[in-house]
Amino acid sequence: MSTNSAKNLFIFGSLLCFVVLVILTIDTMGKIDSRAPEITEKINAGKKVWHKYDCIGCHTILGNGSYFAPDLTKATERKPKEYLKKFILNPRAIKKEAAMPKLGISEKEADDLIAFLDWMSKVDTNGWPPKPILAVAGAGREARPGYVLFQKYDCSACHQIQGIGGTAGPDLTYVGKKITDVQWHISHLKDPVSVVPDSAMPEFDHLSEEELIQLAEYLVTLK
Amino acid sequence: MQYKSQQIAKNFYTFAVLLFLVQIVVGIIAALQFIWPDFFILNFNTIRTLHINALVVWLLAGMMGATYYVIPEESGTELWSIPLAKLQFWATVLTVGAVIVGYIVMGLNPQANIEVLGTRLLNEGREYIEAPRWADILIVVSVLLFLLNNFMTVLKTKKFTAVQGVLLAGLTFLALMYLPGMFYTKSMVKDQFWWWWVVHLWVEGSWEIIAAALLAFMLHKLIGADVKVLAKWMYIEVGLVLFTGILGLGHHYYWIGTPRYWLWVGGFFSSLEPIPLLLMVWDAFRTTRETRGTIQNKVGLYYTVSHAIFNFVGAGLWGVVHTLPQVNKWTHGTQITTAHGHLAFYGAYVLLIIAMIYVTLPSLRGVKEFNQSRGYQAFWWMTISMVFIVITITGAGMVQTYMERLMGLDYVTVKASYNLWFWIFRVIFGIGFLIGVTILVKDYFKLGKEPSAGRI
């Protein structure tokens, strides 16, 4: 190949690729909005809060960002919104060892941010992030009714047992050793702040009496 | 050196190496914050922003310096306007300084990041392009003045050469690709879509074009290789870089809310991205083998060839292993990406700019022989440290991918418990890297100003 034909290949080949990219971009721009819920003013305000506090400086969203703190694409699917709000306002009041400092985010900003994150969680991301294969395979292996409820209400989103589960709430591996009273657990599940004043856990008062007893009885066995 | 105006390159080089030092110091602080989040008065987000912005700016400054050296030499004339080049240099330094102060103020008091005319005053809160809009505009003006000066120089003699053409094409493409990051979109999906245009088409497009042009320039300058042969391979390399890189952009559009066809487009084209980088390695070795006589500037050649090798390993291999959607589904957003980023930038651009400095600085200082031992020392301290930094982050990324993504453990558990040793080793090798950079900066200021130690 002569230098000149290499040059022409470079110029025209690149231009062709760029034209294809522009065409794909136009097509994509027409399709993005239909792959997500409508963006309200509140959601847009939340996005601006996201930028204002440089959240992406620590977190990732859609997998892009700083890898220093958890990905927030599905934050509102994984954690109760009540918890998220309390955490955003003052992280270390909720979880002492949290890496996130108090940024001075206002109540309204927190609400807007959660609305934005909720929108985010509903975007069609071609199946990302994938469900962990071992978590899927292991689901429902233990048939104790209390454990089934633990899974049904997704308690492991925030609580760990034997290393499996979230770290937003306290580790429950030995909770039965610490608090042996079934009645305490029932009151705590129904209205957490009644027994733990600064708890960020949402109320699980929609459970039936029977479910509450089964769940509490399961918790006291964790020793 | 043939032309007085080439001296302006030194301003940019000095700015570059000093910012390089700043980048590494804040990098170590960031690494420590993985272990102790409260280690420093500024939070991780600000430190990371400084780490990456310093990198981008010093590499750009290095490219500008290199261009101010290359263009007069290729055109066979003095630069069109030295005062304009000086103005552009100081305007850049001032803008960058103001942006850094803004980041620090925002880091100390997030409420200071107020909204002005629909955009943030101090920090846009968008990864890598955090610089606020007013700074974006100043940067664009600076780059336009820089391009004007160089194009006018070329037009003075109209001695068009291949290196000159490709270099300026790369720089023009770079300036244009900054623009898609300069408008607000309500949708985070569109936000990230355009943001990748900037980020990807810079580092896997225009910057690689600039790298190919500078590689050809250096091989010619160091070895006296045939310009025609170099030019032909340079065209083939940049042609392939853009053929694979432009549509390789699709590998960022797998999971961000964009249509499914990007899985095919991105997967196919980005898998081919290592090919031109491998070609550059072959090009460097082939040219070096054809050397007639002895090479005076051995350390310059050392960095040049290492740049080609680590560009291929870091940008090529470390990229291609997680570029297919089937793999990326699990690794996306993990430390695997961080590992790739570190080795790719070190190989593709850090070594490139240092190579350019070693190739051109002796003649800018008016010497033919110089003490090369510090150059080698810096190289080995930096390279060995970087390889180990990348190994620790790759290890952390593999553990994270397995435990968090496959097994379903919590992000914080994996980061705080299972990966702790990786973070500790990263800090240790980070300090090794800092030693290398310190030697490099010292050598930069001393090169050619002391009696030769006779190692040539």
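This is a predicted model: local features need pLDDT of at least 70, side-chain atom pairs count only at pLDDT 80 or more; totals for chains, interfaces and linings use all residues.
Biologist: Which element gives the largest share of the lining of the largest cavity?
Modeller: Two elements give two or more residues to that lining: helix 2 of chain A and helix 6 (188-223) of chain B. With 4 residues, the largest share belongs to helix 6 of chain B.

Biologist: Let's turn to where the chains touch. How much area do chain A and chain B bury between them?
Modeller: The contact takes 72 residues from chain A and 81 residues from chain B. Carbon and sulfur atoms carry 64% of the buried area. The area itself is about 6,800 Å².

Biologist: How many salt bridges does the rule find across the interface of chain A and chain B?
Modeller: Over all chains, the structure holds 26 salt bridges. One pair that meets this way is A:Lys47 and B:Asp191, at 2.7 Å from N to O. Across the interface of chain A and chain B, the rule finds 5.

Biologist: Why does the salt bridge between A:Glu41 and B:Lys186 join two chains, and where does B:Lys186 lie?
Modeller: The closest N and O atoms of A:Glu41 and B:Lys186 are 3.1 Å apart. A:Glu41 lies in helix 2 of chain A while its partner belongs to chain B, so the pair joins two chains. B:Lys186 lies in the loop between helix 5 (162-176) and helix 6 of chain B.

Biologist: Which element gives the most to the side of chain A that touches chain B?
Modeller: The rule finds 38 residue pairs in polar contact across this interface. Elements of chain A that each supply at least two residues to that side include helix 1 (3-32), helix 2 (41-52) and helix 6 (107-121). That side divides into 37 nonpolar, 21 polar and 14 charged residues. Giving the most, with 17 residues, is helix 1 of chain A.

Definitions and conventions
Residues are numbered from 1 along each chain as its sequence is written. Chains are lettered from A and ligands numbered from 1 in the order in which they are written. Side-chain values use heavy atoms; hydrogens and water are left out. Contact means heavy atoms within 4.5 Å. Buried area is the accessible area (1.4 Å probe) that two parts lose on being put together, summed over both. A salt bridge is a side-chain nitrogen of Lys or Arg within 4 Å of a carboxyl oxygen of Asp or Glu. A polar contact is a pair of N or O atoms within 3.5 Å; within protein, one must be able to donate a hydrogen and the other to accept it, and residues adjacent in sequence count only if both atoms are side-chain atoms. Ala, Val, Leu, Ile, Met, Phe, Trp, Tyr, Cys and Pro count as nonpolar, Asp, Glu, Lys and Arg as charged, and the others, Gly among them, as polar.
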